Amino acid sequence: MQLKQIYKFGLVVALLFAGSTALWSQNDKQAELERQRRALMGQIEELSKLRQSNKKKEINVLSQVEDLDSKIKTRQNLIKVTNSQANLLTQKINQNINKLSSLRDELEKLKDDYASMVQKSYKSKSSQSRIMFLLSSKSFLQAYKRVQYMKQYSNYRKKQGDQIKERTALLQETNKKLALQKEEKQKLVAQNKIEQEKLEGERAQQDELISKIRKQESTYVTQIQDKQKAADRIDREIDRLIREAIAASKKETGAEPTKEAATNVSKMPTFSLTPAAKALASDFASNKGRMDWPVERGRVYKKFGTSKHPTLPNITTYNSGVEIETAPGSIARAAFKGTVQQIQLIRGGGYTVLIRHGNYLTVYQNLKNLKVKVNDQISTKQALGEIAENSFNGKTILKFLVYKDSERLNPEDWVYNM
């Protein structure tokens with residue numbers, strides 16, 4: 001009998017633990033979805049502010065379409081995340097409805113048991129009947145057992161009363177949670193409806209702009225190609241500066257080119273490192289994915305690598321880094337500690353600052369009013385200069401690149417949450 005009770009108790013504990021674990025998991029998921037939702041709302045707000053600041057200057061239709069495309073994609077993600085939150089709340093609401101039903105059944109059973117016990121107690125409540133119950137004992141041991149039985153019965157009755165109070169309180173608490181969850185879900189559904197209406201409006205604007213572009217497609221294609229040629233020219237200039245820095249590092253350390261490097265022209269040139277430079281490179285590498293943004297506030301305007309144009313699907317463009325749009329007057333800052341290796345004024349690209357971190361480099365393009373000079377020791381987040389307006393679209397855009405030796409890397413892999 002005892003083994004059976006222990007088994008039942010263990011089963012109840014296991015079920016409670018499983019239920020608690022599932023609840024914690026749901027709460028964690030809900031918290032993560034809320035974090036994502038707030039981040040996406042922040043991105044949309046940032047896009048709106050930047051668009052407003054550029055409204056008077058912005059005359060390029062392609063740029064407007066690109067902005068709308070970014071906003072539409074962000075809003076679609078926001079709607080998707082909000083839907084996930086609403087669905088998760090629906091699950092919680094259903095669980096609490098089932099819980100309410102179980103609690104009500106349990107409470108009714110407890111009340112029935114308690115009422116039956118009270119009735120029996122009432123019939124034998126007189127002190128005379130209790131005394132007679134004790135005096136009718138055949139032995140002292142039987143009398144003792146009867147006293148113990150009356151105590152146990154009294155304690156059991158009190159326990160039943162306490163259980164009714166606990167279940168009633170739990171029922172009320174579950175009812176409150178259910179009401180709050182239903183209210184929260186209604187807010188999310190209402191918000192999604194608003195976001196859906198905004199999305200439809202933005203799509204209509206985008207369709208209108210796309211129709212303008214298609215009427216003069218050849219003109220816009222030429223603009224995109226000219227912009228790509230200018231970007232490629234700037235990239236070649238940065239690559240040249242890096243090769244010069246690598247050559248200077250070899251001269252500084254007295255390193256001679258290996259026979260393999262001399263005969264293999266396809267092999268990428270690499271820095272020759274001092275012990276201090278090796279330590280800095282190791283520190284840089286260990287911070288992959290955790291580095292600071294090179295601006296205080298902004299959003300990725302164009303990603304790294306090859307991508308299709310959002311409006312002209314037959315046109316592809318290549319970006320050697322990431323382009324970050326920020327507010328006019330914003331300051332570029334160092335993503336990691338290092339040394340200013342080179343500063344160069346490049347036609348069409350403003351001032352370009354190269355910061356060396358061992359055999360890694362971060363490059364900051366399109367600056368003016370510089371606050372640093374060559375050979376300066378730079379700390380993380382140190383101001384480098386003001387970000388200039390982009391000549392093509394009038395936006396305030398910083399181009400940020402990351403290199404390992406002479407190899408281009410994706411900055412989004414290095415900067416936190418980029």
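Guide: A polar contact is a pair of N or O atoms within 3.5 Å; within protein, one must be able to donate a hydrogen and the other to accept it, and residues adjacent in sequence count only if both atoms are side-chain atoms. The model is predicted: local features need pLDDT of at least 70 and side-chain atom pairs 80 or more, while totals for chains, interfaces and linings use all residues. Residues are numbered from 1 along each chain as its sequence is written, and side-chain values use heavy atoms, leaving out hydrogens and water.

Visitor: Which side chain makes a polar contact of 2.8 Å with that of Arg 35?

Guide: Start by finding Arg 35 in helix H1, residues 2-53 (helices, H or I with at least four residues, and strands, E with at least two, are DSSP runs numbered from the N terminus). At 44% relative accessibility, Arg 35 is partly exposed (buried is under 20%, exposed over 50%, partly exposed in between; 1.4 Å probe, protein chains only). The side chain that Arg 35 meets at 2.8 Å belongs to Glu 32.

Visitor: How many helices and strands are there, and what percentage of the residues is buried?

Guide: The protein has 7 helices and 12 strands. Out of its 418 residues, the buried share is 39%.

Visitor: Which residue forms a salt bridge with Arg 75?

Guide: A salt bridge puts a side-chain nitrogen of Lys or Arg within 4 Å of a carboxyl oxygen of Asp or Glu, and the count here is 22. For Arg 75, the closest N and O atoms of the pair are 2.7 Å apart. Arg 75 is in helix H2 and its partner is in helix H4, so two parts 127 residues apart in sequence are tied together. Both residues are buried, and the partner's name is Glu 202.

Visitor: Why are Glu 173 and Lys 177 separated by about one helical turn?

Guide: These side chains form a salt bridge, with 3.7 Å from N to O. Glu 173 is partly exposed at 40% relative accessibility, and Lys 177 is partly exposed at 39%. The separation is about one helical turn because, along helix H4, the two are apart by 4 residues.

Visitor: Which residues do salt bridges join into one network with Arg 299?

Guide: Arg 299 bridges to Glu 325, with the closest N and O atoms 2.8 Å apart. The pair links distant parts of the chain, since strand S1 (299-302) holds Arg 299 and strand S4 (322-326) holds Glu 325. Both are buried, Arg 299 at 9% and Glu 325 at 1%. Through shared partners, salt bridges join Arg 299 into one network with Asp 67, Glu 325 and Lys 395.

Visitor: Is Asp 67 buried or exposed?

Guide: Look along helix H2, residues 61-123, to find Asp 67. Its side chain makes a 2.5 Å polar contact with the side chain of Lys 395. With a relative accessibility of 5%, Asp 67 counts as buried.
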